[in-house]
2 protein chains.
Amino acid sequence: MPKILRINTKERTFRYEEPGKYAGLGGRNLTSRMVLDEVPADTHALSADNKIVAAIGLLSGTAAANSGRISLGAKSPLTGTIKESNSGGTFCQKLARLDILAMVLEDKPEADAPFCNIIITKDGVQFVDAADMVGKGTYESMDMIAGQYGKKASGMIIGPAGEACLTGASIQFSDPWGRTARAAGRGGLGAVMGSKKVKAVVLDDTGGERFTYADPEKFKAASKRWAEILRAHPVTGQGLPGFGTAILVNIINEAGAFPTKNFREGRCDHVAGISGETIAEFISKRGGKTKEGCHAGCLIQCSQNYVDEKGEYLTSGFEYETVWAFGGNALIKDIDQIAKLDRLCDDLGVDTIEIGNTVAIAMDGGVIPWGDGEAAYELVNRIRDKKDHLGKIIGNGVGFTAQAFGVTRVPTVKNQSMPAYDPRAAKGVGVTYATTTQGADHTAGYAICQNMLKVGGDVNPLGKEGQVETSKALQIATATVDSLGLCLFVAFAVLDTADAVQCICDMVSARHGIEFTPDDFGALGIATLKDEISFNTAAGFTAADDQLPAFMMKEKLNPHGVVWDFSVEELQAAKVQ
Amino acid sequence: MPKILRINTKERTFRYEEPGKYAGLGGRNLTSRMVLDEVPADTHALSADNKIVAAIGLLSGTAAANSGRISLGAKSPLTGTIKESNSGGTFCQKLARLDILAMVLEDKPEADAPFCNIIITKDGVQFVDAADMVGKGTYESMDMIAGQYGKKASGMIIGPAGEACLTGASIQFSDPWGRTARAAGRGGLGAVMGSKKVKAVVLDDTGGERFTYADPEKFKAASKRWAEILRAHPVTGQGLPGFGTAILVNIINEAGAFPTKNFREGRCDHVAGISGETIAEFISKRGGKTKEGCHAGCLIQCSQNYVDEKGEYLTSGFEYETVWAFGGNALIKDIDQIAKLDRLCDDLGVDTIEIGNTVAIAMDGGVIPWGDGEAAYELVNRIRDKKDHLGKIIGNGVGFTAQAFGVTRVPTVKNQSMPAYDPRAAKGVGVTYATTTQGADHTAGYAICQNMLKVGGDVNPLGKEGQVETSKALQIATATVDSLGLCLFVAFAVLDTADAVQCICDMVSARHGIEFTPDDFGALGIATLKDEISFNTAAGFTAADDQLPAFMMKEKLNPHGVVWDFSVEELQAAKVQ
């Protein structure tokens, strides 16, 4: 049975535990439960009392397609809430292969203690001084890791931003090619890892063994059907593989919900130059790859190998939200410039959504000119110099930068910046931003499906009707998906396919030798959200915090001339009780 | 009857209004009521929807001793709560002489609009371009005002910090000698004034008339007794006039509640060099003045004219909390250096408590060495350059600076930094820090009286017994005192003198022609607190926010080895229902 591996970062000790009361849990359900149980809600997120829990999902390590998401849990230094941030890459499957259900980073050394790397193999844990890597970007650091531990080693790693404990810091994960292009981006978890003086956790699963299935035949049948479901749906089978997530640029802009110039307009003039179609064309012409999976067994292949004009690798995991943040919200027109910014963010270890929005705030505050991609690159790159004070401001994200420069239009919920969908013109996702346990986060309940893509239903994005119910149902389903270790993009197919939930349940049942029903599927998400709400309540969050910033209730968003018009009371119905 | 003067800072228009429903209110009771009524609780504190209300107290403008405190109300950009911050100086009495009950600064111009000065005379309001004053310190600006409007003009003024909308910014007020040494320091109200592009409000009360009393003889008798009460009490009659508030340095240090090195110890080795006794000796030797009042009719005379080695004026209103913040918490030993920092803070327009604590945080984060007064001066002075990014960090106070530099021991409540009394060893004031509507604030319920000075009772500072009740009673009484326009220091005498409350009630009754009883005295404070709690609740604050930082519950404070041990539930009893 998989173990819990507890690592004390102060003492540099470790121990394996039987899962005990955590047996049978996985992914977000497990990380949120452990954070609720073990992290005092009122503690400072960078104190020794905070922990980082990294857990595999209920289906992780199996042959089920798209089951390789690693779930991270902690108290967020950005939002003050509980935080679950999950990522692709190779880490989750290797953790499973090492028979580890969850790895927990605990305690912390003194602030002036040296950084270390933590190397996990089937034989145990080693702590290795990381002095030669400190200050380096994640790409170069990962190259050094590959040099030391082989190309198949997997890294969970922070950049200079995490080392400096900046609240915009991500934790990056390596993909199958050793590129640190995958991120647990949101909520500043990189700062928590930095406070624990851990530069990287490296997994070498040599000699690890795939576990057995409780019912191999049943699993095989179900997972075969699962693959068919994903291949058959137009979004997971064609749209995402063809153009990546940036296919949304034109769609969301057309819908008038593409936040432009720090959420001043719903449409942007220059989207043609930064659309998914344009990106795919660039990549093909230059000899890159338009589809790649971030972990073994991925059928959706939404990633890519974005190459520069010379045909050399520039970035990967180049998401719609990143293209939007720099391209739409900060008005940068040059897609190569945006791709360079994406690479820079991954290398520094910062969240592209938080930092892209921060660049827009800096432009709003007169720090650099609107739309100036070169200046934006220089500005973000100041984070690399840990002594640079402007770098510290930018690296701490939207709320912090807005305060530094007196900007009052601050598109955040619980101090986390909003992603690429203006909530005034996509109200279902606005309900999610307001009410999720995570701060503004589209992935927590992606009502763009029903509001714009007509997947899983059809709800008018500009009206109020049906939005709260839609968001609530999605928040529950998402918490389940995140607990299974599945990639959220499977949801497009699941929402539109009658037997998909049963098929997932069959896989869980066959893997664990239990009877996992569609009722259990829903209950898993609800239990997870309840734990998260309990933590946030203890940390002092209330209904009044579940609301969008006041300016969105007053300023009309063009082209539809819409404002945000949900009351706190109406929004509460989106939360599980 | 006094009017309400509303000034639109965007349109540069003004109008006088009858007080209407605000007739009969004054001071904090009035400012908090107006903020509750007129400022949306969820608005950004630097948005056009915020207002600054400046109101005279119920006894202001009368001959009652120590009745010249001006009360400012607004939503705080530092805490997000409602904020009442009051100040001495000449402003209040001149506002009364101009027959203005409250002046309200409303709306705001565009961020790139020019600053103006607002000149109020008996004939109305003028808006004068302030370009020549922008960027200048409050001392030099006030000299320019005196040059233009005469030496008797009174100023309410911001420095570079307020202009830059930094949340550590104060609003400074001029004293009878035209020195901007008086401050509404806490809560960042200078940033609100800066967002409205007002550099100074100048009062010229030439031709203004003193109002009549409803019952002149009764007022005369009561105010005579009032003066006797203040003169007779050892604190108001001898301690404060003799040594100023810095007389507390030795007392609080001896009690082991003098926060040292960012709240790590309760005693400081070098207090002998920075004590009130030492300061008085220095001043006397150099030919300064050890007692001065900040407004006409002050009998307590806690202020001073602190002169440098050449006998030239350096600073005034040099408070215990300032001496402590730089001297104890930041370990600066040289009292002249601390006096220079006090002057610098007044000149830049920043709160000495917030910025003194911020210097300690910067030392904790390795930005400058512990105890280095020269480096501290240079650091704080960076606020003067509005383009300096480190200056922006420091000027935004303790919470902001701690986040920038990854410091996790953050002594704040609701993001406002704690003053000069460690709550672990002075638990009554800890209850106040936690539960007041204002964020950590000693003046909101100064239980040091009962905990250490044995004024108004005797409650063991290290125990829990009696603290909640003591703090609650003080919070109510303080809200009343702040509503009357009285200096809080009268409380020492009031708490110890049987007929003091009746005497105050007689003055209020005789001034306004009403029957104001000791019951009304208590009810006034309760009503004020209820309004403030209503605002904070609407802004999203709950019981969970009414608590001290978690590190104080774990780290023992020497010499007594005490921790903070009140639960959220216990603390709620300190709040009015």
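Across the interface of chain B and chain A, eight residue pairs, both at pLDDT 80 or more, are found in polar contact (a pair of N or O atoms within 3.5 Å; within protein, one must be able to donate a hydrogen and the other to accept it, and residues adjacent in sequence count only if both atoms are side-chain atoms). On chain B, the side that touches chain A draws at least two residues from each of α14 (389–395), α15 (397–405) and α22 (551–554). Helices here are DSSP runs of H or I with at least four residues and strands are runs of E with at least two, numbered from the N terminus.

This is a predicted model, in which local features need pLDDT of at least 70 and side-chain atom pairs count only at pLDDT 80 or more, while totals for chains, interfaces and linings use all residues. Residues are numbered from 1 along each chain as its sequence is written, chains are lettered from A and ligands numbered from 1 in the order in which they are written, and side-chain values use heavy atoms, leaving out hydrogens and water.

Let's stay at the interface. Two salt bridges cross between chain B and chain A, a salt bridge being a side-chain nitrogen of Lys or Arg within 4 Å of a carboxyl oxygen of Asp or Glu. D49(B) and K554(A) meet in a salt bridge, at 2.9 Å from N to O. In total, 31 residues of chain B are in contact with 31 residues of chain A, where contact means heavy atoms within 4.5 Å.

How are the two chains arranged?

Now turn to helix α11 of chain B, residues 335–348. Because 12 of its 14 residues are buried, α11(B) is largely enclosed by the rest of the structure; buried means under 20% relative accessible area, exposed over 50%, and partly exposed in between (1.4 Å probe, protein chains only). D334(B) caps the N-terminal end of α11(B), with a side-chain oxygen 2.9 Å from the backbone nitrogen of D336(B). After α11(B) comes G349(B), whose phi is positive, near 75°.

Finally, K75(A) lies in strand β4 of chain A. K75(A) counts as buried, at 8% relative accessibility, and its side chain reaches the backbone oxygen of T43(A) at 2.8 Å.

Conventions. The expected span of a helix is 1.5 Å times one less than its number of residues.
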